[in-house]
Amino acid sequence: MANTSVVYARIDTGLKDSAEGILSQLGISPSSAIQMFYSQIVLNKGLPFELRLPASQPLAVGAMSKEQLDAELQKGIDSIKAGNVYSADEVDAALAREFGI
């Protein structure tokens, strides 16, 4: 018999159930999945995926719900009423700084 060790981890119940449902459909036991994950850590000499915060990207108007679009438009109206107005050049510079566009 192979020399094995036990790994204990506490995770959210919903996450565990969802992951195990997918693993079951793939025919992989949770123990095998953990073994695969650890093997990839060793092969990659680190985590087998990139860890980083997602880049902040503006939400495309076409991807917004009606409620989201209405809320964003209302923010603009409120901002104008408060006297916060900017030239096109100022807006372009802010977009370039914040989003690289």
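A salt bridge here is a side-chain nitrogen of Lys or Arg within 4 Å of a carboxyl oxygen of Asp or Glu. The exercises use a predicted model, in which local features need pLDDT of at least 70 and side-chain atom pairs count only at pLDDT 80 or more, while totals for chains, interfaces and linings use all residues. Residues are numbered from 1 along each chain as its sequence is written, and side-chain values use heavy atoms, with hydrogens and water left out.

**Exercise 1. Salt bridges**

State how many salt bridges a search of the whole structure finds, then describe the pairing of Asp70 with Lys66.

Solution.
- Step 1. The search of the whole structure gives three salt bridges.
- Step 2. In the pair Asp70 and Lys66, the closest N and O atoms are 2.8 Å apart.
- Step 3. Asp70 and Lys66 are separated by about one helical turn, because they stand four residues apart in helix H3. Helices are DSSP runs (H or I, at least four residues), numbered from the N terminus.
- Step 4. An α-helix has 3.6 residues a turn, so residues three or four places apart point the same way. Side chains of opposite charge can pair when their charged atoms come close.

**Exercise 2. The other two pairs**

Find the N to O distance in the salt bridge of Glu20 with Lys16 and in that of Glu72 with Lys75.

Solution.
- Step 1. For Glu20 and Lys16 the N to O distance is 3.1 Å. Both residues belong to helix H1 (residues 13-26), where they are four residues apart, about one turn of the helix.
- Step 2. For Glu72 and Lys75 the distance, N to O, is 2.9 Å. These two lie in helix H3 at a spacing of three residues, again about one turn of the helix.

**Exercise 3. Accessibility of the paired residues**

Classify Lys66, Asp70, Glu72, Lys75, Lys16 and Glu20 as buried, partly exposed or exposed.

Solution.
- Step 1. The cut-offs for relative accessible area are under 20% for buried and over 50% for exposed, with partly exposed in between (1.4 Å probe, protein chains only).
- Step 2. Lys66, at 58%, is exposed, and Asp70, at 37%, is partly exposed.
- Step 3. Glu72 has 38% and is partly exposed; Lys75 has 53% and is exposed.
- Step 4. Lys16, at 35%, is partly exposed, as is Glu20, at 29%.

**Exercise 4. The span of H3**

Compare the end-to-end distance of helix H3 (residues 66-81) with the span its 16 residues should have.

Solution.
- Step 1. The expected span is 1.5 Å times one less than the number of residues.
- Step 2. H3 should therefore span 22 Å, and its end C-alpha atoms are 22 Å apart, which agrees.
- Step 3. After H3 comes Gly83, with a positive phi near 90 degrees.

**Exercise 5. The largest pocket**

Give the volume of the largest pocket and describe its lining.

Solution.
- Step 1. The volume is about 690 Å³, taken as the space filled by probe spheres set on grid points joined across faces, edges and corners.
- Step 2. The lining has 20 residues, and those closest to the centre of the pocket are Val7, Pro30, Ser31, Ile34 and Gln35. A pocket is an open set of points on a 1 Å grid over the protein atoms alone, where a 1.4 Å probe fits, with protein on both sides within 12 Å along at least five of seven lines; lining residues have an atom within 4 Å of a point.
- Step 3. Helix H2 (30-44) and H1 each supply at least two lining residues, and H2 gives the most, with six.
- Step 4. The lining divides into twelve nonpolar, five polar and three charged residues. Ala, Val, Leu, Ile, Met, Phe, Trp, Tyr, Cys and Pro count as nonpolar, Asp, Glu, Lys and Arg as charged, and the others, Gly among them, as polar.
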